Amino acid sequence: MATTYTLISSVTVGSGGAANMQFTSIPATYTDLLLQISARSDEAGANWSEGRITFNGSSTSYTTRYLLGTGSGTASGAGTTAAVYGGRGTAADATANTFGSSFVYIPNYTSSNFKSVSTDEVTENNATAALAFLNAGLWSNTAAITSITIVANPGNLVQYSTAYLYGIS
Amino acid sequence: MAITSIKTGSSFKNLIKYNDFLAGNAAFQPTAYESIATVTVGAGGSSTITFSSIPSTYQHLQIRGIIKSSRTGSARNDLIIKLNGSSTTYAHHQLYGDGASAAALGTASTTQGLLGINCVPSSGYTSQFGVVVADILDYANTNKNKTIRSLAGTDNNGAGFTSLSSALWYATPVAVTSIDLTVDGAYNFEQYTKFGLFGIKGA
């Protein structure tokens, strides 16, 4: 167990929804960052939506490698993206009042090396189709992470979506 | 031991004198991660582990466990979760691998949630236990159904599984106040199975 597990900040989406959940001015006083995200998007015609995380406002130099299950099948893939996959939520066709659940870990977020990210994410739905998603991401940038932005792709995040950012030492 | 005074000639050298006793010390940071309860199964085993009277004062809950079941003859053994004593309105999904291939499953409108393949059977695996870490985010939120995410696995030195699972309790959203854990198939937890329930603060 980590010697410290400290809440840095949290975001709760209010009525009307939001385009993103954002953390700024992240202090450099911890070793690792941990995000717990409970999200749902308004994307129509889907049971789940893609969650994307960007650092320091950058939309370049991200790569990703994942394993997923859809409730009936599996797949694995990789790619160069404009964000790290993370914070995946349910979407408009999923059971009402149901949100995804994501764990995002960012070790050594202030180091001068590239930033590795691991995520395990699930969506839920009272049907066979729901997503389980394991991902390893890389942001090929040496800057310390000072801000994090979480979006649904496509769509907006709906009311009661939450994100909690913790510092781990 | 409280330090009440430091005299000249002691081993403390070149100390800065502050008028405020907090100055010069690192600020105390209370942890956001606290133990709520722990259960260890005794001799004779146990059919159900229950965490009850869970306070609503945290933002998230986490369950951590090491598990052995009384089942014999099978390496696959699932951990079951039920919330607030309910046996209705669950769904569950799983992505799992057995060391050779990956597979997925999904079940709707069922009586229980799965927390993954993590119960090592008693036969042939004397000193081995499976593991699970499960999170219930926003467990006291009355606007959200409860989604449980869990990472689990067993390694039996030649067989085993790893899994990422989710369970949904889609009854009218209420705060989670109790959690029941059992082994799929009505087997018992064996001695030394251990679960911890932790609260993670959000304010």
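**Reading the salt bridges**

Analyst: Start with one pair. In this predicted model, D138(B) and K144(B) form a salt bridge, with the closest N and O atoms 2.5 Å apart.

User: Are D138(B) and K144(B) buried or exposed?

Analyst: Both residues, D138(B) and K144(B), are buried.

User: What lets side chains pair like this?

Analyst: Opposite charges can pair when the charged atoms come close. Here is another case. K201(B) forms a salt bridge with E34(B), and their closest N and O atoms are 2.9 Å apart. K201(B) lies in the segment after β13 (194–200) of chain B, and E34(B) in strand β1 (residues 33–40) of chain B, so the pair ties together parts 167 residues apart in sequence.

User: How accessible are K201(B) and E34(B)?

Analyst: K201(B) is partly exposed, at 26% relative accessible area. E34(B) is partly exposed too, at 25%.

User: Which residue does R88(A) meet in a salt bridge?

Analyst: R88(A) meets E121(A), at 4.0 Å from N to O. R88(A) sits in the loop between β7 (84–85) and β8 (89–90) of chain A, while E121(A) is in strand β10 (residues 115–122) of chain A, so this pair ties together parts 33 residues apart in sequence. R88(A) counts as buried, because its relative accessibility is 7%. E121(A) counts as buried at 1%.

User: How many salt bridges are there over all chains?

Analyst: A search of the whole structure finds 6.

User: Which residues do salt bridges with shared partners join into one network?

Analyst: D120(A), D135(B) and R149(B) are joined that way.

Technical notes:
Residues are numbered from 1 along each chain as its sequence is written. Chains are lettered from A and ligands numbered from 1 in the order in which they are written. This is a predicted model: local features need pLDDT of at least 70, side-chain atom pairs count only at pLDDT 80 or more; totals for chains, interfaces and linings use all residues. Side-chain values use heavy atoms; hydrogens and water are left out. A salt bridge is a side-chain nitrogen of Lys or Arg within 4 Å of a carboxyl oxygen of Asp or Glu. Helices (H or I, at least four residues) and strands (E, at least two) are DSSP runs, numbered from the N terminus. Buried means under 20% relative accessible area, exposed over 50%, partly exposed in between (1.4 Å probe, protein chains only).
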